[in-house]
Amino acid sequence: MSGFDFDIAVVGAGPAGLAAAARAAAGGASVVLLDEQAEPGGQIYRAVTETPVRDRRILGPDYWHGAELLGPLRDSGAAHWPGSTVWSVARAREDAAGGRRRIQIGLSRDGSASLLTVRHVILATGALERPFPIPGWTLPGVLGAGAAQVLLKTSGLVPSGATVMAGSGPLLWLLAWQYLQAGARIDAILDTTPRENWRAALPLLPGFLRSPYLGKGMKLLLEVRRKATVIGNVTALRAEGDGVLRTVVYTRNGSEHRLPAETLLLHQGVLPNLNLANATGCAQRWDEVQRCWRPTTDDWGATSVEGVSLAGDGAGIGGARAAEEAGRLAALDALHRLGRLDRAGRDRAAEPVRAALDRALAGRAFLDTLYRPAEPFRVPADDTIVCRCEEITAGAVREAVRLGCSGPNQAKSFLRCGMGPCQGRLCGPTVTEVIAAERGVSPAEVGYYRLRPPVKPITLAELAALPKGEADLDAVLKH
Amino acid sequence: MFRRLPEIAAAGDAIGFTIDGRPASARAGDSVAAALLANGVTACRKTPVSGAARGPYCMMGVCFDCLVTIDGVGNRQGCQVRVADGMAVETQDGKREVEL
Amino acid sequence: MSETGTASGPSSSPSSGPGTAGFRPDVIVIGGGLHGCSAALHLSMRGVRVLVLEKDHVARHASGVNAGGVRQLGRHVAEVPLSVASMELWHRIGELVDDDCGFESHGQIKVAETEEELDGLQARVDELRALGFGHEETIGRDELRALVPAIADHCVGALVSRRDGAAIPFRTTFAFRRKAIALGARFQEGGAVTRLSRRGGLWTVETAEGGRFEAPVVVNCAGAWADRIAAQVGEPVPLEVIAPMLMITARVPPFIKPVVGAAGRTLSFKQFPNGTVLIGGGLLGRAERDENRTELDFSQVSVNARTVWDLFPIMRGATVVRSWAGIEARMPDQIPVIGPSGTEPDLFHAFGFSAHGFQLGPIVGRITADLITGGSTDLPIAPFRIGRFAA
């Protein structure tokens with residue numbers, strides 16, 4: 001085994017990746033944990049090793065649980081390569097000789113690119129915030145609530161001027177609660193949760209309240225409602241300003257209201273961060289309940305691509321605790337596939353993990369139903385920018401549909417939406433929904449962007465310096 | 001605008017860097033994007049498409065709106081690079097962003 | 001002519017033009033790439049009723065994702081007459097399809113890095129002159145720098161074709177489709193052709209989606225799948241499925257107008273008006289045509305990046321935001337199959353363009369229309385006959 005050859009690579013050091021790497025290495029495999037951040041934890045446990053926020057009441061006990069995942073990783077002997085951006089996972093060549101079939105991973109570390117070969121990859125790429133396309137969401141001063149939480153965790157930063165939070169979903173309430181604990185300013189919380197969602201979700205409430213992890217969220221929500229100004233039933237939102245946010249305009253019960261604001265924090269749930277899985281060729285499906293695309297996986301997280309599995313929110317939103325267990329399952333299955341664990345051993349070891357996973361997922365249906373974003377915030381009006389990189393509006397996408405564009409990939413060719421550096425992360429879900437609504441069909445029918453590596457931009461210099469075989473060098477010189 | 005929580009502000013900033021040549025300070029562990037926000041810089045670039053102002057949006061490396069020039073290298077993701085002593089951070093307008 | 005002409009198939013995608021139910025085509029074109037759309041357009045211009053069957057959607061493969069080079073430069077001598085004729089159509093493309101297709105003519109250049117390479121390019125110019133073609137010429141150091149100020153210092157000269165240029169592939173193919181539809185052609189997208197048979201002077205074409213279509217004449221423009229169509233009529237061809245790779249950078253300031261290649265290396269380098277730079281030239285990834293999938297080979301992409309590093313030092317700090325590959329057909333002699341079937345009447349082929357068919361799109365559609373409506377064409381297509389592969 002050379003320094004660039006491992007049995008298993010785990011991509012992402014959030015709960016799923018940390019647990020997967022530790023479990024796989026404990027099972028005797030050589031494991032490398034590749035992560036873009038400088039410190040482990042992913043987004044949910046971001047900066048858990050080094051946050052300046054030492055008052056543990058501010059970030060709350062669920063956050064500090066993340067630290068418990070680090071010891072097992074250290075003890076397992078897995079290599080941890082922080083600061084490593086994975087930009088490509090190439091499946092094994094069908095024609096390679098049996099023993100030499102390897103998956104090739106392209107990564108950048110300290111400004112230089114390299115290719116890693118492994119026998120199995122566990123993608124633990126986590127979640128990202130669902131795009132929240134409203135007029136003015138590109139203005140400086142408008143950030144995701146998740147972004148605000150990263151600022152709090154990594155730097156102890158909170159907004160100082162007039163602050164409005166808007167949207168729906170657990171993370172919005174958690175951030176509000178953390179801000180209240182920290183004494184940060186919240187001028188108003190504009191709740192966009194559609195009224196009818198409550199009716200649909202209520203039958204699922206008992207299951208939710210029985211959940212050991214999620215039930216706490218309800219208490220937290222009630223506390224925020226008691227202490228902060230919460231304005232419910234908000235049906236339209238826009239941000240206004242002259243190069244920087246000045247005013248948040250919202251509609252409630254049919255009338256428009258204006259709030260001066262320096263910071264607007266938007267949130268309407270999270271989605272699987274599927275760019276790498278998609279670019280690797282993993283099949284994906286439309287999840288009607290969570291209203292998102294998710295890679296197709298089996299009980300162990302195995303995808304449609306041999307040697308590639310998924311664990312955690314990247315395979316479908318289940319939350320941090322579920323991600324951790326899913327990471328362990330993917331690791332057990334990888335060990336089995338590599339011949340380090342027989343089937344019975346894998347299944348036996350998985351039993352308690354599956355039980356824990358079920359506990360962690362209890363009550364999820366309530367959250368999915370309650371916080372399903374309202375249509376106007378998923379399928380915005382014509383004047384709203386949907387692709388931030390190329391500044392393409394929803395109206396332009398609709399016009400392309402009228403010209404014969406039937407799905408996101410054609411929209412890309414027509415309009416360049418999704419062709420910018422974010423590679424569709426901030427527009428893909430919206431473009432899918434806008435096209436589906438315009439055509440009057442399900443998002444499942446219109447599909448999603450076919451994403452291609454590099455899934456993160458890489459400099460030409462890095463690419464040029466990649467190691468090349470003799471045959472390749474030959475090609476440099478031959479026509 | 002963003003401010004530090006009091007317990008952290010009291011500890012002081014240890015890192016000195018510049019924003020468009022002006023001296024600024026930050027805390028070790030801050031990303032460049034966080035350091036910009038902590039210094040009151042909300043907008044860090046203008047887009048090459050329309051020239052519209054943009055600032056950090058996702059803070060986790062997916063939106064590419066916090067692109068800045070760091071020590072002369074353009075188009076770096078401010079939220080993915082840690083601020084360092086003596087670092088020169090420049091905001092990018094549409095044209096400078098594309099300077100090679 | 002058609003007995004029933006009744007077509008049945010799945011619901012069409014938006015703006016496929018009128019549905020295909022009850023439509024009685026004179027000609028069925030298999031394949032909705034540029035060549036299929038061009039054949040449909042030229043036939044429709046002559047009042048022929050055309051149905052195009054596309055297994056995915058128009059411009060889904062090579063036609064939609066190629067580098068967009070509109071190049072006479074460096075072509076196989078057999079292709080030169082067609083390429084020159086096609087260039088005339090490109091310079092009036094708006095008249096043909098009511099859209100400029102993003103076509104810009106700033107020339108194409110093939111740089112020489114050594115005097116030896118430059119000599120080779122001059123020999124090429126002399127060869128073309130002898131054949132009566134004057135569109136290629138060599139230029140020296142100074143003119144190369146005037147045309148391409150960013151070229152690396154070591155480059156000594158170049159071959160140039162001044163009327164060449166580039167267009168936007170997806171937009172071009174779509175423009176041909178739109179104009180063909182405006183003139184009466186119909187498109188059926190979704191559903192690969194599974195069976196082709198002929199009885200009583202009528203072709204029956206069946207698709208995977210349960211469609212069944214009939215017409216007196218069939219045109220095979222099925223690109224990387226065209227060998228399967230040919231095999232159905234007993235003329236197998238040695239078609240290789242390839243996946244030429246491309247990559248594109250983030251926007252950089254405009255610094256180059258012509259499309260640049262290299263005499264001694266695989267390269268196609270062009271900057272779009274929006275500032276992004278497209279880098280390709282034909283280095284290959286892997287194609288899985290049954291899955292509509294390509295796999296990139298980054299050690300090959302790296303070779304391409306290295307070439308750009310060497311030839312355009314200004315690009316060294318640029319970022320690559322995306323790479324991809326199209327699925328394309330390559331013939332052993334690197335030139336296409338164009339012309340009538342060798343085994344069946346009323347069947348015509350136009351495929352196997354071997355990664356350089358985009359520029360030929362406008363003229364080959366006209367040639368096919370000539371063959372179908374007039375029985376002959378004024379351009380020399382003998383070198384492209386399908387029978388050349390027979391043992």
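1. Burial in chain C. In this predicted model, buried residues account for 58% of the 391 residues of chain C. The radius of gyration of chain C is 21 Å, which agrees with the value near 21 Å that a compact globule of 391 residues would have. The C-alpha trace of chain C extends over about 70 × 45 × 40 Å along its principal axes, and, of the contacts in chain C between residues at least 6 apart in sequence, 72% link residues at least 24 apart.

2. Secondary structure and annotation of chain C. Chain C contains 10 helices and 23 strands.

3. Domains of chain C. The domain assignment divides chain C into domain 1, made up of 1-103 + 166-238 + 333-391, and domain 2, made up of 108-162 + 244-325. The centres of these two domains of chain C, taken over C-alpha atoms, are separated by 29 Å, and the contact between them involves 15 residues of domain 1 and 20 residues of domain 2. On the domain 1 side of this contact in chain C there are 10 nonpolar, 3 polar and 2 charged residues.

4. A backbone detail in chain C. C:Asn292 has a positive phi of about 55° although it is not a glycine, and this residue lies in the loop between strand E18 (286-288) and strand E19 (293-295) of chain C. Because 13 other C-beta atoms lie within 10 Å, C:Asn292 counts as partly exposed. As background for this point and for those on phi and the peptide bond below, most residues other than glycine have a negative phi, and most peptide bonds are trans.

5. Overall form of chain A. Chain A has 20 helices and 23 strands, and buried residues make up 59% of its 479 residues. For 479 residues a compact globule would have a radius of gyration near 23 Å, and the 23 Å of chain A agrees with that. The C-alpha trace of chain A spans about 70 × 55 × 40 Å along its principal axes, while 69% of the contacts in chain A between residues at least 6 apart in sequence join residues at least 24 apart.

6. Domains of chain A. Chain A is assigned domain 1 (5-128 + 271-341), domain 2 (131-268) and domain 3 (379-446). Between the centres of domain 2 and domain 3 of chain A, taken over C-alpha atoms, the separation is 26 Å, and their contact draws on 5 residues of domain 2 and 10 residues of domain 3. The domain 2 side of that contact in chain A consists of 4 nonpolar residues, 1 polar residue and no charged residues.

7. A cis peptide bond in chain A. The peptide bond from A:Pro453 to A:Pro454 is cis, with omega near -5°. A:Pro454 is placed in the loop between helix H18 (443-446) and strand E23 (458-459) of chain A.

8. The interface of chains A and B. Here 39 residues of chain A are in contact with 35 residues of chain B. On the chain A side, the elements that supply two or more residues are strand E7 (127-129), strand E8 (142-144), helix H5 (145-155) and strand E9 (157-159), with H5(A) giving the largest share, 6 residues. This side of chain A comprises 18 nonpolar, 11 polar and 10 charged residues. The two chains are also linked by strand pairing, in which 3 bridges join E9(A) to strand E1 (residues 2-4) of chain B in the antiparallel sense, and A:Val158 stands opposite B:Arg3 in E1(B).

9. The hairpin of chain B. Strand E2 (residues 15-19) and strand E3 (residues 22-26) of chain B pair in the antiparallel sense over 5 bridges, and B:Ile19 stands opposite B:Arg22 in E3(B). E2(B) and E3(B) form a hairpin with 2 residues between them, and in this turn B:Asp20 has a positive phi of about 50°.

10. A buried loop residue in chain B. Which class of burial applies to B:Phe64? B:Phe64 counts as buried because it has 26 C-beta neighbours inside 10 Å. B:Phe64 is found in the loop between strand E5 (53-54) and strand E6 (67-70) of chain B, and it has a positive phi of about 60° although it is not a glycine.

Methods
Residues numbered from 1 in each chain as written. Chains lettered and ligands numbered in written order. Predicted model: local features only at pLDDT ≥ 70, side-chain atom pairs only at ≥ 80, totals over all residues. Contact = placed C-beta atoms within 7 Å. Helix = DSSP H or I, 4+ residues; strand = E, 2+ residues; numbered from the N terminus. Nonpolar A, V, L, I, M, F, W, Y, C, P; charged D, E, K, R; others polar. Pairing = 2+ DSSP bridges. Domains from an automatic or database assignment. Rg over C-alpha atoms; globule rule 2.2 N^0.38 Å. Buried ≥ 20, exposed ≤ 12 C-beta atoms within 10 Å, placed from the backbone.
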